[in-house]
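Q: I have this model open on my screen and would like a close look at one part of it. Could you take me through a single helix and the turn that follows, and then show me how that part sits beside the rest of the chain?

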Amino acid sequence: MTAETDEAVPDYFVKSADKVLQILLAFTSASPTLTVSQAAAATSMSRAAARRFLLTLTDLGYLDTDGTTFTQTPRVLDLGASYLSSLNLPDIARPHLTELAHRLDETATLSTLDGQDVIYIARVAAPRLHSVTVNLGNRLPAWGTSMGRVLVSALPEAARERFLAGAELVGYTAQTITSIDALRAEVQSVGARGWSLVSQELDVGLRGLAVPVRRGDDVIAALNVSIQAGHAGAPDVEADLVPVLQETAARIAEDFGGRTV
């Protein structure tokens, strides 16, 4: 809440607390460093007031200054630490999956690798499928799914080879990869390009597109959309869909503490 007029402010409202938050929120990824004048402009404060709040936050350890500009310190993370610690990856991902599902009108899923399977940990159905029940915890063979191939491609080589050695390939359709050598080559290609498209290998008419969700150097999950063949005017996967999924994956990772600076 930002106080705009005295009449709109309840008796209990502490204006200084509001201004402190305005100052902290003025620092963004686009403006990580601010001068007094820039902070004053961003918060509609006078330069004198902005300076007092900036210096106070510096004394408290939330900002750092070189005498001219101010930047946030890692201590600002303490403000949201208790909230973030109460969240898990599915909780954090769900609003992003909802946005993605509505944007593409396709079902969006987050999954992790569990042995030879991928397991759904968060899923939002396409809006046109609003009556379809979405079951979390569902498993699919990782070797035959776009999300599984993304996750397997991120494994260390020895673990990846153990996975391939244990894979039981089944020819679900005429498109299914049923050769371990061909699967190994495809997984390597997925790792190199950073995304996977599995077209009608598990079910005729269904394609799956997946990208990794990274936390630092680690792949913590795979983000997937199911694409009905011929739906949405057959968009160009690499040009139109992959960037959208990568943007969503980056936002999930950032909210989960995966920002890289």
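A: Let's begin just past the end of α2, where S44 takes a positive phi of about 60°. That is a positive value in a residue other than glycine. S44 belongs to the loop between α2 and α3, and with a relative accessible area of 71% it is exposed. Please keep in mind that this is a predicted model, so every angle and contact here is computed from predicted coordinates.

Now step back into the helix itself. α2 covers residues 36-43, and within it V36, A39, A40 and T43 are buried. If you look down the axis of α2, these buried residues fall within an arc of 100°, so they line one face of the helix. Turn to the face that points away from the buried side and you will find the exposed residues A41 and A42.

What do the buried residues of α2 pack against? Their partners are α1 (15-25), β1 (33-35), α3 (47-59) and β3 (69-72). As background, nonpolar side chains tend to be buried together in soluble globular proteins.

The largest nonpolar core is the next stop. It has 26 residues, and L110, L209 and L223 touch the most other members. Two or more residues come from each of α5 (89-104), β4 (107-114), β5 (117-124), β8 (206-215), β9 (218-228) and α9 (237-255). Among these, α9 gives the most, with eight residues.

Leaving aside neighbours within four places in sequence, L110 is in contact with L89, A93, L97, I119, Y120, I121, A122, V213, A221, A222, L223 and I252.

You can follow the pairing strand by strand. β4 and β5 are antiparallel and share seven bridges, with T112 having I119 in β5 as its bridge partner. Two residues lie between the strands of this hairpin, and G115 takes a positive phi near 65° there. On to the next pair: β4 and β9 run antiparallel and are joined by five bridges, and A108 stands opposite V225 in β9. β9 also pairs with β8, again in the antiparallel sense, over 10 bridges. In that pair, R215 stands opposite D218 in β9.

In the loop between α5 and β4 you will find D105, with a phi near 55°, which is a positive value in a residue other than glycine. D105 counts as partly exposed at 24% relative accessibility, whereas S44 is exposed at 71%.

One more helix contact is worth a look. Helix α6 (residues 146-153) and helix α8 (residues 180-193) pack at an angle of about 75°, with their axes 8 Å apart. α6 and α8 are therefore roughly perpendicular to each other. At their contact, R149, V150, V152 and S153 in α6 meet L183, E186, V187, V190 and G191 in α8.

Finally, zoom out to the chain as a whole. Its secondary structure comes to nine helices and nine strands. Of its 261 residues, 39% count as buried. Taking contacts between residues at least 6 apart in sequence, 54% join residues at least 24 apart.

To return to where we started, α2 has its buried residues along one face and the exposed A41 and A42 on the face turned away, and just after the helix comes S44 with its positive phi.

Notes
Residues are numbered from 1 along each chain as its sequence is written. This is a predicted model: local features need pLDDT of at least 70, side-chain atom pairs count only at pLDDT 80 or more; totals for chains, interfaces and linings use all residues. Side-chain values use heavy atoms; hydrogens and water are left out. Buried means under 20% relative accessible area, exposed over 50%, partly exposed in between (1.4 Å probe, protein chains only). Helices (H or I, at least four residues) and strands (E, at least two) are DSSP runs, numbered from the N terminus. The arc is that of the directions from the helix axis to the C-beta atoms. Contact means heavy atoms within 4.5 Å. A nonpolar core is a set of buried Ala, Val, Leu, Ile, Met, Phe, Trp, Tyr and Cys residues joined through side-chain atoms within 4.5 Å. Two strands pair if DSSP finds at least two bridges between them. Axes are lines fitted to C-alpha atoms, for helices over the stretch in contact, and angles run from 0 to 180 degrees between N-to-C directions. Angles under 35 degrees count as roughly parallel, over 145 as roughly antiparallel, 65 to 115 as roughly perpendicular and the rest as oblique.
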